[in-house]
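Subject: Structure for you to look at

Hello,

Here is the structure I said I would pass on. Please open it first, then read the notes below.

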Amino acid sequence: MIQLPRSLKLIAVALALGCGLAHAQSYPNRPVKIVVPFAAGGPADNYARFMAQRLSDELKQPFVIDNKPGAGSIIGTDFAAKSPADGYTLLMMSNAHTVNESLIPNKPFGLMKDFVGIAPVNYSNLLLVVHPSVPVKNVAELVALAKSKPGKLNYASSGNGTPYHMAGELFKHMAGINMTHIPYKGSSGARTDIVGGQVDVMFDAETTMAEFARNGQVRMLGATGAARSTNLPDVPTVAETVPKYEATIWLGIMAPKGTPADIVNKLNAEMRKIVNNPDVKAAWAKQGAVPMSMTVAEFDQYLNADIAKWANIVKVSGAKAD
């Protein structure tokens, strides 16, 4: 091995740092694609479009949405995984992706193997609700009733492996109860049946279920976030009865593995600036969404922890994808 003089080593490091800085300063110099592996019109699509517009404004290049739904997010995510790692293809992802790591082990990609996390966007609480005919007024009473009638209570979800299903399985595991899962092909049928009394329990989006509760069609027992919802401060968290319970729907942005670190860090800084804007926080609060702000390293830790959390629930519950 040829040993370079210290002065030459320092020059080489400086040149490398200079190239990286120049790379970041010139990025982006053409349109950036954000792949959304979900159907248009849903929360992931809506918030992706919001972030795309703000990033376009800040970075002076178009950030365009490319919806590629199908196979529970697999089709669009695989497309993004196989895209050039140059910062011009990004992925809008959610906790469906961290669940799928164990729920669908034979995917053509691995989330942490084929992607690098850029930053989270926001999270939204779910609500644990029951039909008014279920004789409980709070989470503790629901747990007690379920323990007295193992498997007799049922809970609806929008399908196997969805965040609503996994929220129920996490609740069963942490509360030490048994309820029967009733999967539907989408949320609308599940909501119709919880309101109609065909099912007993459901975990669903705060923005949807709060309206049903105000109309007396369901009874709210708890919110699934670590903290109470600012829109529903009188509704306790499930964690106030089942310690450390948390099951939100959250969104984030990743890029193909190998995307230059300077570009990842630049996008992270811009995204954190956007989500920490007071106007954005206020607007999202009305929608039941809470901004999430993390460094690249913090987001990496968050992703790995979420993957491990849901892998355990998939294992103990025996959950299978549709």
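A residue counts as buried when its relative accessible area is under 20%, and as exposed when that area is over 50%; anything in between is partly exposed. Keep in mind that this is a predicted model.

By that rule D78 is buried, because its relative accessible area is 17%. Its salt-bridge partner is K82, with 2.5 Å between the closest N and O atoms. K82 is exposed, at 58%.

How many salt bridges are there in the whole structure? The search finds 13. One of them joins the side chains of D86 and R30, at 3.2 Å from N to O. D86 sits in the loop between α3 and β3, and R30 in the loop between α1 and β1, so this pair ties together parts that are 56 residues apart in sequence. Both are partly exposed: D86 has a relative accessible area of 24% and R30 one of 39%.

R228 and E240 also form a salt bridge, at 2.9 Å from N to O. Both lie in the loop between β9 and β10, so the parts tied together here are 12 residues apart in sequence.

The largest cavity has a volume of about 40 Å³. Its lining includes N95, L126 and W310. Helix α7 gives the largest share of that lining, 3 residues. By type, the lining residues are 7 nonpolar, 2 polar and no charged.

Regards

Methods:
Residues are numbered from 1 along each chain as its sequence is written. This is a predicted model: local features need pLDDT of at least 70, side-chain atom pairs count only at pLDDT 80 or more; totals for chains, interfaces and linings use all residues. Side-chain values use heavy atoms; hydrogens and water are left out. On a 1 Å grid over the protein atoms alone, a cavity is a set of points where a 1.4 Å probe fits but cannot get out, and a pocket is an open set with protein on both sides within 12 Å along at least five of seven lines; lining residues have an atom within 4 Å of a point. Grid points are joined across faces, edges and corners, and a volume is the space filled by probe spheres set on the points. Helices (H or I, at least four residues) and strands (E, at least two) are DSSP runs, numbered from the N terminus. Ala, Val, Leu, Ile, Met, Phe, Trp, Tyr, Cys and Pro count as nonpolar, Asp, Glu, Lys and Arg as charged, and the others, Gly among them, as polar. A salt bridge is a side-chain nitrogen of Lys or Arg within 4 Å of a carboxyl oxygen of Asp or Glu. Buried means under 20% relative accessible area, exposed over 50%, partly exposed in between (1.4 Å probe, protein chains only).
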